[in-house]
Amino acid sequence: EVQLVESGGGLVQPGGSLRLSCAASGFTFGSYGMSWVRQAPGKGPEWVSSINSGDNSTYYTDSVKGRFTISRDNAKNTLYLQLNSLNPEDTAVYYCAKGGGSDYYTPPERGQGTQVTVSS
């Protein structure tokens, strides 16, 4: 059974930073691309970032480029998302997802999410 458990969310002031983690189990983590997806209140899911298996190529939606960094540690079966220069528009529940994504596709297999709130 695939399990994805996110952590690291919280309340942060504009301009602040957070590091999200996702502990994965139930599948061969290193063999899969992985993604982060977020959902803001009253909106649909939004793909944020993906990282390939193998060469660890990374991809970002335009609104987070230069501010967020996705990474993975295959030895620990863990996916990360470093969030810098946060603004209120980044407020959302952030989900770890199995598989790659894009601006046109959000992978459906996700964890329970972790809340990120950006507010002064």
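Trainee: Which residue lies over the face of Phe29, and at what distance from the ring centre?

Mentor: Please keep in mind that this is a predicted model. A charge counts as sitting over a ring if the Lys NZ or the Arg CZ is within 6 Å of the ring centre and within 35 degrees of the ring normal. Here, Arg72 lies over the face of Phe29, at 4.5 Å from the ring centre.

Trainee: How many aromatic pairs does a search of the whole structure find?

Mentor: The search returns two aromatic pairs. One of them joins Phe27 and Phe29, with 6.3 Å from centre to centre and 55° between the planes, and this pair is tilted.

Trainee: Why is the pair of Phe27 and Tyr32 described as edge-to-face?

Mentor: The angle between the planes decides the matter, since planes over 60 degrees apart count as edge-to-face. For Phe27 and Tyr32 the planes stand at 85°, with the ring centres 5.5 Å apart, so the pair is edge-to-face. Through these ring pairs, Phe27, Phe29 and Tyr32 are linked into a cluster.

Trainee: Is Phe27 buried or exposed, and what is the case for Phe29 and for Tyr32?

Mentor: Residues under 20% relative accessible area are taken as buried, and those over 50% as exposed. Phe27 has a relative accessible area of 13% and is therefore buried. Phe29 is also buried, at 2%. Tyr32, at 34%, is partly exposed.

Trainee: How many bridges join strand 1 and strand 3, and which residue stands opposite Ser7?

Mentor: Strand 1 and strand 3 (residues 18-25) share five bridges in the antiparallel sense. Opposite Ser7 stands Ser21 in strand 3.

Trainee: How many residues of strand 8 are buried, and how many bridges does strand 8 form with strand 3?

Mentor: In strand 8 (residues 78-83), five of the six residues are buried, which leaves the strand mostly covered. Six bridges pair strand 8 with strand 3 in the antiparallel sense, and Leu79 of strand 8 is the bridge partner of Cys22. Strand 8 also pairs with strand 7, again antiparallel and over six bridges. There, Phe68 has Leu83 of strand 8 as its bridge partner.

Trainee: How many residues lie between strand 7 and strand 8 in their hairpin?

Mentor: Four residues lie between them, and Asn77 in the turn has a positive phi of about 50°.

Trainee: What is the strand order in the open sheet of six strands, and which strands stand at its edges?

Mentor: The order is 2-10-9-4-5-6, with mixed pairing. Strand 2 (10-12) and strand 6 (58-60) stand at the edges; each has a single partner strand, so one side of each lacks a neighbour in the sheet. Neighbouring strands of this sheet are turned by 25° on average, direction ignored. Strand 4 (residues 34-39) pairs with strand 5 (residues 45-51) in the antiparallel sense over six bridges, and Gln39 stands opposite Pro45 in strand 5.

Conventions: Residues are numbered from 1 along each chain as its sequence is written. This is a predicted model: local features need pLDDT of at least 70, side-chain atom pairs count only at pLDDT 80 or more; totals for chains, interfaces and linings use all residues. Side-chain values use heavy atoms; hydrogens and water are left out. Two strands pair if DSSP finds at least two bridges between them. Helices (H or I, at least four residues) and strands (E, at least two) are DSSP runs, numbered from the N terminus. Axes are lines fitted to C-alpha atoms, for helices over the stretch in contact, and angles run from 0 to 180 degrees between N-to-C directions. Buried means under 20% relative accessible area, exposed over 50%, partly exposed in between (1.4 Å probe, protein chains only). Rings of Phe, Tyr and Trp (its six-membered ring) pair if their centres lie within 6.5 Å; planes under 30 degrees apart count as stacked, over 60 as edge-to-face and the rest as tilted.
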